Amino acid sequence: MSRFHDAVNEQIGREFGASQQYVAIAVHYDGETLAQLAAHFYRQAVEERNHAMMLVQYLLDSGAAVTIPGVAAPKTEFGDAVEPVSLALQQEKQVTEQIARLATIAREEGDLVGEQFLHWFLQEQREEVSSMSALLAVVRRASESNLLLAEEYLARVQVGEQPPDASAPPAAGGAL
């Protein structure tokens with residue numbers, strides 16, 4: 001098996017681990033009766049699981065061996081409402097670095113098909129880091145006055161409304 005295929009197998013485990021971490025974050029928010037935050041992270045968990053399965057399918061299509069690595073237990077206790085989103089952003093940044101390393105390995109090995117396959121993941125990670133950064137800004141601001149404002153933000157995003165600029169200060173009356 002090539003070094004690239006070995007690295008893809010490792011990434012499969014990381015994606016499943018990310019999925020479990022998002023489930024743990026969702027469960028935390030569910031327990032705090034923050035339904036929009038919980039739903040957001042349940043969706044993120046499914047997305048990470050799907051990323052793992054895309055990697056599995058890539059290896060199968062390539063005729064490479066697939067190994068499904070075990071994953072560490074996710075963090076389940078958080079000190080405040082901001083900590084889970086901060087962890088999620090850190091995780092997304094780390095996954096971006098991991099995917100970039102995979103693309104570098106593919107390039108070094110001359111695996112142009114593998115490198116091209118990873119371009120979608122790199123674009124996806126850019127979007128994930130951006131959206132998680134915005135959510136973190138909203139949750140930080142909302143946690144200072146009313147965390148339900150973060151719920152409203154996610155509800156707007158879910159129905160396709162343009163959310164307010166996450167970096168702008170809250171409007172008069174605390175509204176986002």
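Author: A residue counts as buried under 20% relative accessible area, as exposed over 50%, and as partly exposed in between. W120 has a relative accessibility of 37%, so W120 is partly exposed. The model is a predicted one.

The structure holds six aromatic pairs. In the pair of W120 and F121, the ring centres are 5.0 Å apart and the planes stand at 90°, so this pair is edge-to-face; planes over 60 degrees apart count as such. Both residues belong to one aromatic cluster, which is formed by F4, Y58, F117, W120 and F121.

Two other residues can be described in like terms. Q11 is found in helix 1. Its relative accessibility is 0%, and therefore Q11 counts as buried. When neighbours within four places in sequence are left aside, Q11 is in contact with L55, V95, Q98, I99 and L102.

E32 is found in the loop between helix 1 (3-31) and helix 2 (35-62). E32 and A81 are 49 residues apart along the chain, and their C-alpha atoms are separated by 9.1 Å.

Terms used: Residues are numbered from 1 along each chain as its sequence is written. This is a predicted model: local features need pLDDT of at least 70, side-chain atom pairs count only at pLDDT 80 or more; totals for chains, interfaces and linings use all residues. Side-chain values use heavy atoms; hydrogens and water are left out. Helices (H or I, at least four residues) and strands (E, at least two) are DSSP runs, numbered from the N terminus. Buried means under 20% relative accessible area, exposed over 50%, partly exposed in between (1.4 Å probe, protein chains only). Contact means heavy atoms within 4.5 Å. Rings of Phe, Tyr and Trp (its six-membered ring) pair if their centres lie within 6.5 Å; planes under 30 degrees apart count as stacked, over 60 as edge-to-face and the rest as tilted.
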